[in-house]
Amino acid sequence: MTATVTRPGEGASPRVLRRVLTVLVLSQALGGAGMAAGITVGALLAEDLLGSTGLAGLPTALFTAGAALGAALIGRVSQRLGRRPGLALGHGIAALGSAGVVAAAAGQWAGLLLVSLFVYGAGTATGLLARYAGADLAPPERRGRATGTVLLATTLGAVAGPNLVGPTGALAHAYGIPRLAGPFLLAALAYTAAGLVLLIWLRPDPLFLARLQPPHDATAAPVPQADAPATSSAPRPPERFSPGVVTGATVMITAQLVMIAVMTMTPLHMTGHGHSTQAAGFVIALHVGAMFLPSPLSGLLADRIGRLPVAAASGAVLLSAGVLAGLAPPDSVPLLACALVLLGVGWNLALVSGTALITDAAPADSRASVQGLADVGMSLAGATGGMASGLVVAGGGYPLLAMAAGTLAVAVIPAVALRGATA
């Protein structure tokens, strides 16, 4: 077997690019199944062990808080050692957390459940951080589509996961484990497999290859600056937290808070009005599919019409999702499903456009750590949304939560995008 050698300034060959994307796609498909477990039954499992609807948002808060720590850790490891060890480490930690959730459910140990959900959250961070690896080697005019390709791969596992609630629950029950822990059995296996795929086959490392590539605009003539000192002809290095980074991060953070808040409480809203766990899983499967399936189209739009218009559109889509979820009769599965699909599409538009904005603006020598910090913000926003969602529903009901979340999205995201366009 011969190694592929890339010399400084040479960039990656098409064969290497295809290999990197193929490995990322495979690992994302596996990781998506693991991620779906917490989304689908995390709140229901916590309600069962903790005995409180008001605390039902705690699992989402915990695994998104874990994702914040995971994003920071994976970002730092990737910055120093490359994408391969960083992403593989995240999947391994998530597998450990999944196994802990199963053990906690089997022993009815609420404390272990909470700790394990926090550890499990690292998997969510890993799955999302992989999108940056997809964009590492893409030229600026194709970064949206490269991001979309990696995110699309998550759809297979993420959609299949919720629909396996019944079979995995039956498997768990056969071994004396509560049915709601069944999806976490699948998560432990899926995350382990995803980590091994990356550890073994993600070679050469896409982040290191990106650093070897010359800037894509290196041949462009420098633009003279009227106020530049006559003695300075070298271009200024890009700022670590430039306006593009701040705008992209704000778009993603706001969308994450809104999406997590509404998504977390939807299964409880449905089961509380007589719908089965399987019906709730089906709605969440549609939602998760909508979170990732439109990624190629979102990426194409971000590349063709611009990152900021796509970001602004995400705010309007999230508003429509919140209004529809708030107004839908509790017994109408089709309307709730439509609302959750719109919620996923709005989140996807924000994620893809925000990712492209950050990748465009972040300097190459600190790109992984900047991206990790942006995802820390997303995870903390998700933790806030998950925790607050249970309290809002307990105090004012699900319709209030859904409509307030949609209003927040349309108030913040288009305004930030407009400001970015005029900066």
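This is a predicted model: local features need pLDDT of at least 70, side-chain atom pairs count only at pLDDT 80 or more; totals for chains, interfaces and linings use all residues.

Colleague: How many aromatic pairs does a search of the whole structure find?
Modeller: Three aromatic pairs are found.

Colleague: How are the rings of Tyr120 and Tyr191 arranged?
Modeller: Their planes stand at 75 degrees, with the ring centres 6.1 Å apart, so the pair is edge-to-face. An angle over 60 degrees is what counts as edge-to-face.

Colleague: Which helices hold those two residues?
Modeller: Tyr120 is in helix H4 (residues 110-135) and Tyr191 is in helix H7 (residues 182-201).

Colleague: Are they buried or exposed?
Modeller: Tyr120 and Tyr191 are both buried.

Colleague: Which residues form a cluster through ring pairs?
Modeller: The cluster consists of Tyr120, Phe184 and Tyr191.

Colleague: What about Phe292 and Trp347?
Modeller: Their ring centres are 5.6 Å apart and the planes meet at 75 degrees, so this pair is edge-to-face. Because Phe292 lies in helix H10 (residues 277-292) and Trp347 in helix H13 (residues 333-361), the pair ties together parts 55 residues apart in sequence. Phe292 counts as buried, at 1% relative accessibility, and Trp347 counts as buried at 2%.

Colleague: Changing topic, which residues gather in the patch of positive charge?
Modeller: Arg15, Arg18, Arg19 and Arg203 form that patch on the surface.

Colleague: Where is Arg15, and is Arg15 buried or exposed?
Modeller: Arg15 belongs to helix H1 (residues 14-50). Its relative accessibility is 52%, so Arg15 counts as exposed.

Key:
Residues are numbered from 1 along each chain as its sequence is written. Side-chain values use heavy atoms; hydrogens and water are left out. Rings of Phe, Tyr and Trp (its six-membered ring) pair if their centres lie within 6.5 Å; planes under 30 degrees apart count as stacked, over 60 as edge-to-face and the rest as tilted. Helices (H or I, at least four residues) and strands (E, at least two) are DSSP runs, numbered from the N terminus. Buried means under 20% relative accessible area, exposed over 50%, partly exposed in between (1.4 Å probe, protein chains only). Patches are made of residues with over 30% relative accessible area and no salt bridge: like charges are joined within 9 Å, nonpolar side chains (Val, Leu, Ile, Met, Phe, Trp, Tyr) within 5 Å. Accessible areas come from the Shrake-Rupley method with a 1.4 Å probe; for residues, only the protein chains shown count as cover. A salt bridge is a side-chain nitrogen of Lys or Arg within 4 Å of a carboxyl oxygen of Asp or Glu. Lys and Arg count as positive and Asp and Glu as negative; His and the chain ends are not counted. The place of a charge is taken as NZ of Lys, CZ of Arg, CG of Asp or CD of Glu.
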